[in-house]
Amino acid sequence: MKKLLACILVLALTTGAFFLGRLTVPAAHSRTFYARITQKSQTHLIVEGIPENDINHRGFFQFDLGSAKLTSWRYTDITVDDLDVGDLIAVTYTGTVLEISPAIIQNVLEIQLLDDER
């Protein structure tokens, strides 16, 4: 009887630890998608996701440039002036996306210019 209670207790503790670990809030995971710039200002971009992206990243997106790191495909720093309408970029972000049209990405971490021919 004691062995049965001990087995149940061990099972309950390991199962509880497993589920408790599953309920913790995961660290913010960044996501990256590829897009073409359709509109540009000094403070924000509107882009269209390319067909090769998953279904959630094929539409139009708007985001502020704010604190986003701007780099070229060689990982050298660039400025907003280096970005042009039609350029292919990789957008890395965390957090939520507001599902309106165009969708608004709130926390862009990095914008990487991919087809830099300069």
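The accessible surface of the protein comes to about 8100 Å², and 61% of that area belongs to carbon and sulfur atoms; accessible areas come from the Shrake-Rupley method with a 1.4 Å probe, and for residues only the protein chains shown count as cover. The model is a predicted one, in which local features need pLDDT of at least 70 and side-chain atom pairs count only at pLDDT 80 or more, while totals for chains, interfaces and linings use all residues. Residues are numbered from 1 along each chain as its sequence is written, and side-chain values use heavy atoms, with hydrogens and water left out.

Of the 118 residues in the protein, 31% are buried. Buried means under 20% relative accessible area, exposed means over 50%, and partly exposed lies in between (1.4 Å probe, protein chains only). The protein contains 1 helix and 6 strands, arranged along the sequence as α-β-β-β-β-β-β. Helices (H or I, at least four residues) and strands (E, at least two) are DSSP runs, numbered from the N terminus. Among the contacts with a separation of 6 or more, 56% are between residues 24 or more positions apart; a contact means heavy atoms within 4.5 Å.

Strand E3 covers residues 60–64. In a regular strand the side chains alternate between the two faces of the sheet. Strand E2 (residues 44–49) runs antiparallel to E3, and 5 bridges join the two; strands pair if DSSP finds at least two bridges between them. Leu45 has Phe63 of E3 as its bridge partner. E3 is also joined to strand E6 (residues 103–113), in this case by 2 bridges and in parallel. The bridge partner of Phe61 in E6 is Ala103.

On a 1 Å grid over the protein atoms alone, a pocket is an open set of points where a 1.4 Å probe fits, with protein on both sides within 12 Å along at least five of seven lines, and lining residues have an atom within 4 Å of a point. The largest pocket holds about 180 Å³ of space, where grid points are joined across faces, edges and corners and the volume is the space filled by probe spheres set on the points. E3 and strand E5 (88–98) each supply at least two lining residues, and E5 gives the most, with 3 residues. The lining divides into 6 nonpolar, 4 polar and 2 charged residues. Ala, Val, Leu, Ile, Met, Phe, Trp, Tyr, Cys and Pro count as nonpolar, Asp, Glu, Lys and Arg as charged, and the others, Gly among them, as polar.

Thr92 also lies in strand E5. Thr92 counts as buried because its relative accessible area is 15%. Leaving out residues up to four places away in sequence, Thr92 touches Ser30, Arg31, Thr32, Val108, Leu109 and Glu110. Ser30 is 62 residues from Thr92 along the chain, and their C-alpha atoms are separated by 6.4 Å.

Two loops contain backbone features. Pro102 is found in the loop between E5 and E6, and the peptide bond from Ser101 to Pro102 is cis, with omega near -5 degrees. Tyr75 lies in the loop between strand E4 (69–72) and E5. Its phi is near 65 degrees, a positive value in a residue other than glycine. Tyr75 counts as exposed because its relative accessibility is 61%.
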